[in-house]
Amino acid sequence: MTSQNAAPSAPRLIKACRQEILDRPPVWLMRQAGRYMPEYRAIRQKMGFLELCKTPDVAVEVTMQPINAFEMDAAIIFSDILIPPEAMGMEVVFGDGGPHFPNPLQTAADVDRLIIPDPLEKTGFVMEIIRRMRQELASRPDTALVGFAGSPWTLASYMIEGGGSKHFAKLKGMMYDAPDVLHRLLGKLAETITLYLNAQIEAGAQAVQLFDTWGGILSEAEYRRFILPYHQQIIRNLKRDETPVILYVNNSRGLLPLMAEAGPDVISVDPLTSISDARQIVGHRFALQGNLDSTALFSSPQVLKPMVQALIAEGGNQGYIFNLGHGILPPTPVENVRLLVDLVKESALTPAHP
Ligand code: 1CP
């Protein structure tokens with residue numbers, strides 16, 4: 001993918017993924033639709049989370065809420081990483097304390113019972129959201145549509161622990177005691193996620209992001225065994241000629257070279273490594289995304305503004321996407337989100353081409 005071959009109409013985010021020189025970086029925020037927005041909370045009063053994910057009309061409305069309110073350069077489809085595990089045959093419940101699986105995986109037989117779902121048959125509602133979103137964005141050709149999935153390791157953590165976890169004792173227990181069973185699960189998940197993301201690309205997702213929220217709990221040697229091969233398998237098998245792949249790993253300090261080995265187009269950097277250090281570590285083959293600390297959005301505008309401006313200057317206008325280092329937090333003040341997006345959009349670093 002060279003800039004000479006790029007379609008002139010590609011959205012700003014896609015141009016940044018291809019490392020084209022821009023007048024300013026694109027901006028979007030991980031988990032930009034959600035509980036910090038009063039419009040989202042109003043819809044959630046009337047509807048459960050899973051029902052929302054499976055009702056394309058409403059999911060499209062929620063996907064558009066941050067775009068209508070703040071005009072980010074990308075929309076991320078409203079869904080959750082735990083939709084594919086449900087399609088594989090696991091019951092998932094989204095409660096007030098976060099999602100959980102009432103019957104977590106414990107044995108080899110539990111893993112063997114999981115199916116590799118046909119993404120259209122079992123998760124057709126996600127593809128429908130994507131198709132409708134592309135129609136919705138037809139009048140905003142510079143706003144990209146981002147699809148996503150959880151990575152096998154992070155999905156396995158929820159499926160084995162039964163929900164969020166502090167120590168990941170069950171997951172690591174399987175890793176130490178029954179690594180072959182864990183590999184079988186990770187292999188099934190990699191196959192499922194490859195099919196799922198390719199279906200999203202076919203439905204119209206213009207970039208896809210792989211979320212490895214819990215990738216950072218492993219040592220480099222363990223990451224090389226239990227995460228990297230599955231990232232490589234997924235990324236190698238995606239239909240990505242025109243669709244960049246963004247890889248996000250939280251707590252990725254020390255793991256950035258291994259993220260690079262997975263071969264994505266974009267490396268999404270968490271808040272613990274500076275963008276300049278990340279660039280030094282991974283080189284210029286990758287665009288970078290990130291990495292404002294989500295809690296910076298709780299600061300006063302006087303404090304937030306110079307932080308955002310410094311990050312815009314550090315990231316630059318080639319191969320950089322402004323984002324947070326992790327998802328936006330529910331108590332985030334809406335006015336600070338507006339300030340952040342406006343600052344990036346006003347930042348024009350070089351004059352636009354005539
Ligand atoms: O109560 C509610 O309204 C539900 C809250 C909520 C929302 C808004 C959940 C439950 N999921 C989502 C949407 C979501 N989740 C999106 C799309 C929205 C957007 O980006 O605008 C995305 C991309 C996710 C991805 C996701 N879900 C991740 C990976 C990203 C990350 O931030 O690390 C993870 C780990 C999940 C699991 C999950 N789903 C929901 C919660 C509260 C959690 C975290 C559970 C935990 O504590 O481990």
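**Figure 1. The exposed and buried sides of helix α9.** Ala169, Lys170, Tyr176 and Asp177 are exposed on one side of α9, in what is a predicted model. The helix spans residues 169-177, and its buried residues are Leu171, Met174 and Met175. Viewed down the axis of α9, these buried residues fall within an arc of 100°, so they line one face of the helix. The exposed residues Ala169, Lys170, Tyr176 and Asp177 lie on the other side. The cover over the buried residues of α9 includes α8 (152-161), α10 (179-203) and α11 (220-226).

**Figure 2. Helix α8 and the glycine that follows.** Helix α8, one of the elements that cover the buried residues of α9, is itself mostly covered, with 10 of its 10 residues buried. Among them are Trp153, Tyr158 and Met159, together with Thr154, Ser157 and Glu161. Pro152, Leu155, Ala156 and Ile160 are also buried in α8. After α8 comes Gly162, which has a positive phi, near 90°.

**Figure 3. The largest nonpolar core.** In soluble globular proteins, nonpolar side chains tend to be buried together. The largest nonpolar core of this model comprises 129 residues, of which Leu13, Met159, Leu182, Leu185 and Leu340 touch the most other members. Helix α10 supplies the largest share of this core, 12 residues. Met159 belongs to the buried residues of α8. Leaving aside neighbours within four places in sequence, Leu13 is in contact with Pro26, Trp28, Asp73, Ala74, Ala144, Val146, Ala207 and Ile321.

**Figure 4. Gln289 in strand β8.** Gln289 is found in strand β8, which covers residues 287-292. Is this residue, Gln289, buried or exposed? Buried means under 20% relative accessible area; Gln289 has 0% relative accessibility and therefore counts as buried.

**Figure 5. Thr273 in a loop.** Thr273 is found in the loop between β7 (266-268) and α14 (275-282). At 7% relative accessibility, Thr273 counts as buried. Not counting residues up to four places away in sequence, Thr273 touches Arg253, Leu256, Ala278 and Asn291. Thr273 and Asn291 are 18 residues apart along the chain, and their C-alpha atoms are separated by 8.3 Å.

Figure 6. Gly124 lies in helix α7, which runs over residues 119-136. Its relative accessibility is 23%, so Gly124 counts as partly exposed. When neighbours within four places in sequence are left aside, Gly124 is in contact with Pro119 and Arg131. A separation of 9.0 Å is found between the C-alpha atoms of Gly124 and Lys54, which are 70 residues apart along the chain.

**Figure 7. The largest cavity.** Rolling a probe the size of a water molecule over the atoms shows where empty space is left. The structure holds one cavity of 30 Å³ or more, and the largest cavity has a volume of about 50 Å³. This cavity is lined by Pro84, Ala87, Pro117, Asp118, Pro119, Thr123, Thr192, Leu195 and Tyr196. The elements that give two or more residues to this lining are α5 (83-87), α7 and α10. Which element gives the most to the lining of the largest cavity? Helix α10 does, with three residues. By class, the lining has six nonpolar, two polar and one charged residues. Pro119, one of the lining residues, is also in contact with Gly124.

**Figure 8. The largest pocket.** The largest pocket holds about 1,100 Å³ of space. It is lined by 36 residues, and those closest to its centre are Arg31, Arg35, Phe49, Asp80 and Pro99. Two or more lining residues come from each of α2 (38-46), β2 (93-95) and β3 (98-100). Helix α2 gives the most to the lining of the largest pocket, with three residues. The lining divides into 18 nonpolar, 11 polar and seven charged residues.

Terms used: Residues numbered from 1 in each chain as written. Predicted model: local features only at pLDDT ≥ 70, side-chain atom pairs only at ≥ 80, totals over all residues. Heavy atoms only, no water. Buried < 20%, exposed > 50% of the residue type's maximum accessible area, 1.4 Å probe, protein only. Helix = DSSP H or I, 4+ residues; strand = E, 2+ residues; numbered from the N terminus. Arc of directions from axis to C-beta. Contact = heavy atoms within 4.5 Å. 1 Å grid on protein atoms, 1.4 Å probe; cavity = no way out; pocket = protein on both sides within 12 Å on 5 of 7 lines; lining within 4 Å. Points joined across faces, edges and corners; volume = space filled by probe spheres on them. Nonpolar A, V, L, I, M, F, W, Y, C, P; charged D, E, K, R; others polar. Core = buried A, V, L, I, M, F, W, Y, C linked by side-chain atoms within 4.5 Å.
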